[in-house]
Amino acid sequence: QVQLVESGGGLVQAGGSVRLSCAASGRTFINYAMGWFRQAPGKEREFVAAISRGGSRTYYADSVKGRFTISRENAKNTVYLQMSSLKPEDTAVYYCAADEDSAYYSAGYITGAVGEYDYWGQGTQVTVSS
């Protein structure tokens with residue numbers, strides 16, 4: 001299995017920026033497409049951003065496109081989510097996830113479907129104040 005640990009969350013003022021990190025265990029990290037999701041109280045977990053296993057392709061939710069950037073550094077087994085121009089509605093617990101099936105698909109395979117991801121981190125809280 002893959003273990004994921006998110007970090008970097010906290011209290012941020014509206015308009016500010018935060019970079020979240022997701023550290024993965026094991027060398028198999030390089031085989032998996034990775035995604036970021038978020039969940040606010042009383043809401044469904046929603047897709048935020050995803051990146052293919054090689055980092056060549058990215059996909060963003062419309063609500064964050066242009067403000068958030070996902071990237072990965074495979075040598076460090078780490079995925080990042082750079083968040084800028086933060087809004088109070090961005091407040092949520094942010095989760096890092098790994099898609100194990102992507103290892104058997106095209107290198108450019110990517111998905112924003114929550115149900116397609118197999119491993120999840122514990123989440124990190126991001127609170128954007130107004």
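The largest nonpolar core of this predicted model has 36 residues. Leu4, Met34, Trp36, Leu81, Met83 and Tyr94 have the most contacts inside it. Seven strands are named as suppliers of at least two core residues each: strand 3 (18–24), strand 4 (33–39), strand 5 (46–51), strand 7, strand 8, strand 9 and strand 11 (124–129). In soluble globular proteins, nonpolar side chains tend to be buried together.

Leu81 gives a view of the packing. Which residues is leucine 81 in contact with, leaving aside its neighbours within four places in sequence? They are Val18, Arg19, Leu20, Trp36, Val48, Ala49, Phe68, Thr69, Ile70 and Tyr94.

Four strands form an open sheet in the order 1-3-8-7, with antiparallel pairing. Strand 1 (4–7) and strand 7 are its edge strands, and each pairs on one side only. On average, neighbouring strands here are turned by 15 degrees against each other, direction ignored. Strand 7 and strand 8 pair over 6 bridges, in the antiparallel sense. Serine 71 stands opposite tyrosine 80, which is in strand 8.

Most residues other than glycine have a negative phi. Asparagine 77 and serine 85 have a positive phi, although neither is a glycine. The loop of asparagine 77 runs between strand 7 (68–73) and strand 8 (78–83). The loop of serine 85 lies between strand 8 and strand 9 (92–99). The table sets out their values.

| Residue | Phi | Relative accessible area | Burial |
|---|---|---|---|
| Asparagine 77 | about 50 degrees | 16% | buried |

Asparagine 77 counts as buried because its relative accessible area is 16%, and the cut-off for buried is under 20%.

What of the whole chain? The chain has 0 helices and 11 strands. Its radius of gyration is 14 Å, close to the 14 Å that the globule rule gives for 130 residues, so the chain is as compact as a globular protein of that length. Along the principal axes, the C-alpha atoms fill a box of roughly 45 × 25 × 25 Å.

Of the 130 residues, 45% count as buried. The accessible surface comes to about 6500 Å², and 45% of that surface belongs to carbon and sulfur atoms. Among contacts with a separation of 6 or more, 62% join residues 24 or more positions apart.

Terms used
Residues numbered from 1 in each chain as written. Predicted model: local features only at pLDDT ≥ 70, side-chain atom pairs only at ≥ 80, totals over all residues. Heavy atoms only, no water. Buried < 20%, exposed > 50% of the residue type's maximum accessible area, 1.4 Å probe, protein only. Pairing = 2+ DSSP bridges. Axes fitted to C-alpha atoms, helices over the stretch in contact; angles between N-to-C directions. Core = buried A, V, L, I, M, F, W, Y, C linked by side-chain atoms within 4.5 Å. Contact = heavy atoms within 4.5 Å. Rg over C-alpha atoms; globule rule 2.2 N^0.38 Å. Areas by Shrake-Rupley, 256 points an atom, 1.4 Å probe, with all protein chains shown as cover.
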